[in-house]
Amino acid sequence: MLSKIRFFALILAALTLGMRFAHVMEAGPKLHWEADLYFQVQTSLYKYFAIIGPIVQIGSILLIFTIAYLSKGTKSFRYTVLSGFSFIFSLGVWFLFVAPAASHIKEWTITHTIPEHWSSIRSAWQFGQVGAFSFDFLAFCLLVSSVLIAQKESMQKS
């Protein structure tokens with residue numbers, strides 16, 4: 001059962017990392033866009049990210065802490081817990097930087113006006129995603145390490 005939970009945790013963690021990596025890869029070009037193009041992309045492209053993203057990331061966190069609970073006393077336990085907390089820190093960065101910027105961007109669709117300080121909102125959104133990606137990447141690496149350590153422990157016992 002634990003191996004199945006690890007499998008699904010890896011899948012959800014990889015999907016989380018993939019979504020965040022997409023934001024990192026597009027950050028460079030988007031930092032040079034004019035307000036109108038940035039507005040069009042931000043208000044149309046990310047609808048499903050907002051629906052699927054939280055489910056995937058919260059799901060991976062829950063599975064990771066389930067793994068931690070089931071693997072208490074093993075060498076992989078510490079890596080698993082650190083992975084879970086790193087995903088939580090990623091969410092913290094998202095709530096501190098990306099969510100407020102996304103809220104401002106959502107207002108643009110209601111008011112149909114882009115504020116003069118729109119570039120600072122863009123920077124908060126883009127660099128917040130980069131910061132969150134850093135924690136997601138660390139979390140994924142820690143999770144993979146925990147699985148590899150657990151596999152090694154399992155092989156040594158047999």
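Before the first selection, note how residues are sorted: Ala, Val, Leu, Ile, Met, Phe, Trp, Tyr, Cys and Pro count as nonpolar, Asp, Glu, Lys and Arg as charged, and the others, Gly among them, as polar. This is a predicted model, in which local features need pLDDT of at least 70 and side-chain atom pairs count only at pLDDT 80 or more, while totals for chains, interfaces and linings use all residues. Residues are numbered from 1 along each chain as its sequence is written, and side-chain values use heavy atoms, with hydrogens and water left out.

Start with the whole chain, coloured by pLDDT (the predictor's confidence in each residue, from 0 to 100). The mean is 94, and 100% of the residues score at least 70. Confidence is lowest in helix α2 (residues 35–42), with a mean of 89, and highest in α1, at 96.

Next, show the cartoon, where helices (H or I, at least four residues) and strands (E, at least two) are DSSP runs numbered from the N terminus. The chain has five helices and zero strands, and its C-alpha trace spans about 65 × 25 × 20 Å along the principal axes.

Now select Ala35, Tyr38, Phe39, Val41, Tyr46, Val98, Ala101, Ile105, Trp108, Trp118, Ile121 and Trp125, the twelve residues of the largest nonpolar core. Such a core is a set of buried Ala, Val, Leu, Ile, Met, Phe, Trp, Tyr and Cys residues joined through side-chain atoms within 4.5 Å, where buried means under 20% relative accessible area with a 1.4 Å probe, protein chains only. Helices α2, α4 and α5 each supply at least two residues of this core. A second, separate core has ten residues, including Ala9, Ile67, Ala139 and Leu143.

Stay with Trp108: which residues does it contact, leaving aside its neighbours within four places in sequence? With contact meaning heavy atoms within 4.5 Å, they are Tyr38, Phe39, Thr113, Ile114, Pro115, Trp118 and Ile121.

Of the 27 lining residues, Tyr46, Phe49, Ala50, Trp94 and Ala102 are the closest to the centre of the pocket. Helix α4 gives the most to the lining, with nine residues. Colour the lining by class, and you will find 14 nonpolar, ten polar and three charged residues.

Note on methods. 1 Å grid on protein atoms, 1.4 Å probe; cavity = no way out; pocket = protein on both sides within 12 Å on 5 of 7 lines; lining within 4 Å. Buried < 20%, exposed > 50% of the residue type's maximum accessible area, 1.4 Å probe, protein only.
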